[in-house]
Amino acid sequence: MALADPPSASIPDSASLGRSDPWTATDAAALYGLDRWGDPYFSVGARGHVMVQPRGDRGGSLDLVELVRELQGRDLSLPLLIRFDDILEDRLERLHGAFERAITQYGYDGRYQGVFPVKCNQQRHVVEQLVESGRRWHFGLEAGSKAELLIALSLLDDPDALLICNGYKDRRYIETAILARRLGRQPVVVIEQADEVERIIAASSALGGAPFIGIRAKLSARSTGRWGSSVGERAKFGLSIPDVLSTVERLREAGLLDDLRLLHFHVGSQINDIAVLKDALQEAGQIYAELTRLGAPMGFLDVGGGLGIDYDGSRTATAASTNYSLQNYANDVVATIRECCEPHGIRPPTLVSESGRALASHFSVLVFDVLGAGGHGEAVPPAAEGEALILRNLRDTHAAIAAIAAERTVDGQDAGERGVVERLQEAWNDALKFKEDALNAFRLGYLSLPERATAERLTWASCQAIARQLEGLAADTVIPQELQALPAALAGTYYANLSVFRSAPDTWAIDQLFPVLPIHRLDERPTRLGSFADLTCDSDGKIARFIDRGQVKPLLELHGLRPGEPYWIGLFLGGAYQEVMGNLHNLFGSTNAVHIRLAAGGAYRVEHVVRGNTNAEVLEAMEHDPDLLLERLRLASEQAIGRGDLAISDARRLMAHLRASLEQTTYLEA
């Protein structure tokens, strides 16, 4: 029977749920991994609240729960996306600091100059903050489309900052980049397709000037992980080595070789194994050296994106982690390129990276509320007179389980853990058999619907009773596989006030793992296992994969809900890609968002508030006219009034509700 089948992935250690030893904030940090993936920005405070250290180890912290309460007081309802601009700036500092240390350590006769890929998070306040915070390092932007190019041109006013132009390019895109160079910008048009060469030559001839030019090379080095197929001979972008040589000669013929300044490569997003990067760097370093030998002035080597983050804190070469640190990454880039250039007597290039995920992931936290929870009760229904034999058998089974618990309580200690497990196993087998008998009897018409409900409630009560006894066994007790699956069978579904497709689309699309945990009550031992279901009418609208030290667990340790009290959950490390790739499934729109900055004396400033979509806005996005919608419903209400089906007062109330709904958030309100 499916109830007893083990789940497809390992379940959490359910034995810890029912223990009576003290529970501390340290235990919570270890359980949910904050002491690993959260360092140095997130931790658990003594009150059991998640604490945010936006400046890392430089000091200053905020109580996330108190922050949410105060933001709600500013009429910012959940779900709420909280962006910590200090974290974004701290990530920039750490990235540049790592490269500066590596450059000093290896005596590298060059510098580092990064860019942010706008596709990672195109929100205006985010890009503006990065440009402003990165100005001291001449930090630039990378654009992959015309629209992103317009963003970059309007914001990037530093003449020393790079504007890397990637993606597919038509004549207008190229001409815009050429004219931007005259504007005082540093656009680098990266040739990613062979047919772009002639368009660059034609546009340069027509305008009497050229952009800085880069070449993206397809490397033979293999990558790993989810994006491993984005490199190699069948990669979507880049030139093969024969095409690179042809491009150099064509640029020479056109008199544009002096504008070839950059070599670019990319080995996939979220590189989890540093060995992949080392192989790619060695190959790219040799290509760079050969391009200089062929007469190109060069000067820049763009190692692309891929700098990963440790989502689960395991520090392993798995999809949700990395087996290297930020400093390891910078050291390998600097040391490898230096080793490639020195034998050729070539001055090392300015190193460029397009690190988006590593910069933006940490700075935003999505907080959502739980609307309710579903699960199986443990109450035993009262017996009815003349009850069917099948139901009496289930009652006897439940009583036998209770007797085992009573015996253990009287004895003060278990006479034999193995004997207890065997008796619990036998009782569970009986419960399953009697439930199956009840289902068969119902199908044949011998049991009524209320009797079937009683059978199921008795089965679940037996399941709960067995699970409680398993929690009290010694840690080294061998428990059969069927009984190990009981916590999963008893797990509840927590109904979340969010849309996975809007706020965390990668959890659905590519099984991305994000840290998810309660942001309060962490000083209490969690007593339940559960997963999350979102508001959409889609069975895929769920979060049912959670981090577990390099592995994946289908259930998360959670607390029981308390009447009248909120239960707030945080989704962390989702600042990259989630906002820009979210969709309007079921017409759930963007959430409220707020930018927070630390202030003096432990206070904070609300820098920006971005209101989430209203129902009217998402309707307009689908080309529905809210005014026309209201008018149609007004006419329908007039017809109902005329038929006598609707009172005028009720019609007025209906139209008032409709008008108010159009101006409200797409999410549920408290």
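Biologist: Which residue stands opposite Ala-533 in β17?

Modeller: Helices (H or I, at least four residues) and strands (E, at least two) are DSSP runs, numbered from the N terminus, and two strands pair if DSSP finds at least two bridges between them. Here Lys-542 of β17 stands opposite Ala-533. This is a predicted model, in which local features need pLDDT of at least 70 and side-chain atom pairs count only at pLDDT 80 or more, while totals for chains, interfaces and linings use all residues. Residues are numbered from 1 along each chain as its sequence is written, and side-chain values use heavy atoms, with hydrogens and water left out.

Biologist: In which sense do β16 and β17 pair, and over how many bridges?

Modeller: β16 and β17 (residues 542-543) are antiparallel, with two bridges. Strand β20 (residues 556-558) also pairs with β16 in the antiparallel sense, over three bridges, and there Gly-530 faces Leu-556. With β14 (residues 492-496) the pairing of β16 is parallel, over four bridges; Thr-493 is set opposite Ser-531.

Biologist: Why is β16 largely enclosed by the rest of the structure?

Modeller: Buried means under 20% relative accessible area, exposed over 50%, partly exposed in between (1.4 Å probe, protein chains only). Five of the six residues of β16 (residues 528-533) are buried, so the strand is largely enclosed by the rest of the structure.

Biologist: Is His-398 buried or exposed?

Modeller: His-398 counts as buried because its relative accessibility is 17%. This residue belongs to helix α12 (residues 389-411). Contact means heavy atoms within 4.5 Å. Leaving out residues up to four places away in sequence, His-398 touches Val-380, Ala-461, Ser-462 and Ala-465.

Biologist: What is the strand order in the open sheet of eight strands?

Modeller: The order is β5-β6-β7-β8-β9-β10-β11-β12, with parallel pairing. β5 (115-117) and β12 (350-352) are the edge strands, each with a single partner, so one side of each has no neighbour in the sheet. From one strand to the next the twist averages 25°. Inside the sheet, β9 (residues 212-216) and β10 (residues 260-264) run parallel and are joined by four bridges, with Ile-215 opposite Leu-263.

Biologist: Which strands does α6 lie across?

Modeller: Axes are lines fitted to C-alpha atoms, for helices over the stretch in contact, and angles run from 0 to 180 degrees between N-to-C directions. α6 lies across β6 (140-143), β7 (162-165), β8 (186-191) and β9, at about 150° to β8. α7 also packs on the sheet, where it touches β8 and β9, and its direction makes about 145° with that of β8.

Biologist: At what angle do the axes of α6 and α7 cross?

Modeller: The axes of α6 (residues 171-182) and α7 (residues 196-207) cross at roughly 50° and come within 9 Å. Angles under 35 degrees count as roughly parallel, over 145 as roughly antiparallel, 65 to 115 as roughly perpendicular and the rest as oblique; α6 and α7 are therefore oblique to each other. Residues making the contact include Ile-174, Ile-178 and Leu-179 of α6 and Ile-200, Ala-203 and Leu-207 of α7.

Biologist: Where are the edges of the sheet of three strands?

Modeller: That open sheet has the order β1-β2-β3 and antiparallel pairing. Its edges are β1 (42-44) and β3 (62-63), each with a single partner strand, so one side of each is left without a neighbour in the sheet. β2 (residues 50-52) is joined to β3 by two bridges, and Met-51 stands opposite Asp-63.
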